[in-house]
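Biologist: I would like to learn how to read helix packing in a model. Please take me through it step by step.

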Amino acid sequence: MSIDRQSDVLLWNALIQDDQHAFAELYQRYHRILYSYGYKVIPNAASVEDAIQDLFVDIWRMRHSLSLVDSVKFYLFRSLRRKIFHLNEREKRTDSAIAFSTETEFAQSSEQLMADREQEAQLTQRLAQLVAQLPQRQLEVVTLRFYQNFKTDEIAAIMGITEKSVRNTLHKALTHLREQAAYLAPLLGFLLFWVLT
């Protein structure tokens, strides 16, 4: 278990024991990434904020009946996704298309990439455009896998699908991206190999 995961679990356990500081720390730690993910599920800032607020209110209200968890991040992502869809149904917006906004963040090693900054920006912009054009399900799986670093079994549980469906969806997404951008083929080929192994 990683140090972050372990500290999350310690905070979770303290929250269950009525520790308001642990609750506040978990909220501060996860609000931004939950918002980022939630906005990809439904691009409506107010709805995402409502879902996050409802989720944390429920966690505090139900703290004595919460069970211990291995991954707080996994629990929060899965719960937020459910909360968003429940709120969406309650507001009778199930017919509206659920789209994703694309947010691209690439780590840069400043010294090595300074000379290639313009070329990298063009590649990044092109890849972001291609990713944004993926079907909703493929984009959600790609986001959870490569932006949030969830494992295949965790993605399956968050989305309520099988691990095989997750792998197939990732394969389709990366294959599509590789076909659309031949110059990205080596990178995407590596990612495809990594997903399937």
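Predicted model: local features only at pLDDT ≥ 70, side-chain atom pairs only at ≥ 80, totals over all residues.

Biologist: At what angle do the axes of α7 and α8 cross?

Modeller: Two packed helices are described by the angle between their axes and the distance between the axes. An axis is a line fitted to C-alpha atoms, for helices over the stretch in contact, and angles run from 0 to 180 degrees between N-to-C directions. The axes of α7 (residues 136–147) and α8 (residues 152–159) cross at roughly 135° and come within 10 Å.

Biologist: Which residues make the contact?

Modeller: Contact means heavy atoms within 4.5 Å. From α7 come Arg137, Glu140, Val141, Leu144 and Arg145, and from α8 Ile155, Ile158 and Met159. By class, five of the residues in the contact of α7 with α8 are nonpolar, none polar and three charged. Nonpolar covers Ala, Val, Leu, Ile, Met, Phe, Trp, Tyr, Cys and Pro; charged covers Asp, Glu, Lys and Arg; the others, Gly among them, are polar.

Biologist: How are α7 and α9 oriented to each other?

Modeller: α7 and α9 are roughly perpendicular to each other. Their axes cross at roughly 100° and come within 9 Å. This contact has seven nonpolar, three polar and three charged residues. On the α7 side, Arg137, Val141 and Arg145 are among those that meet α9.

Biologist: How many residues does the largest nonpolar core have?

Modeller: A nonpolar core is a set of buried (under 20% relative accessible area, 1.4 Å probe, protein chains only) Ala, Val, Leu, Ile, Met, Phe, Trp, Tyr and Cys residues joined through side-chain atoms within 4.5 Å. The largest one has 47 residues, and Trp12, Ile59 and Leu76 have the most contacts inside it. Helices that each supply at least two of its residues include α7, α8 and α9 (163–180). Ile59 touches Trp12, Leu15, Phe23, Leu66, Tyr75 and Leu76, leaving aside residues up to four places away in sequence.

Biologist: How many helices and strands does the protein have?

Modeller: Helices (H or I, at least four residues) and strands (E, at least two) are DSSP runs, numbered from the N terminus. The protein has ten helices and zero strands.

How values were computed. Residues numbered from 1 in each chain as written. Heavy atoms only, no water. Buried < 20%, exposed > 50% of the residue type's maximum accessible area, 1.4 Å probe, protein only. Parallel < 35°, antiparallel > 145°, perpendicular 65-115°, else oblique.
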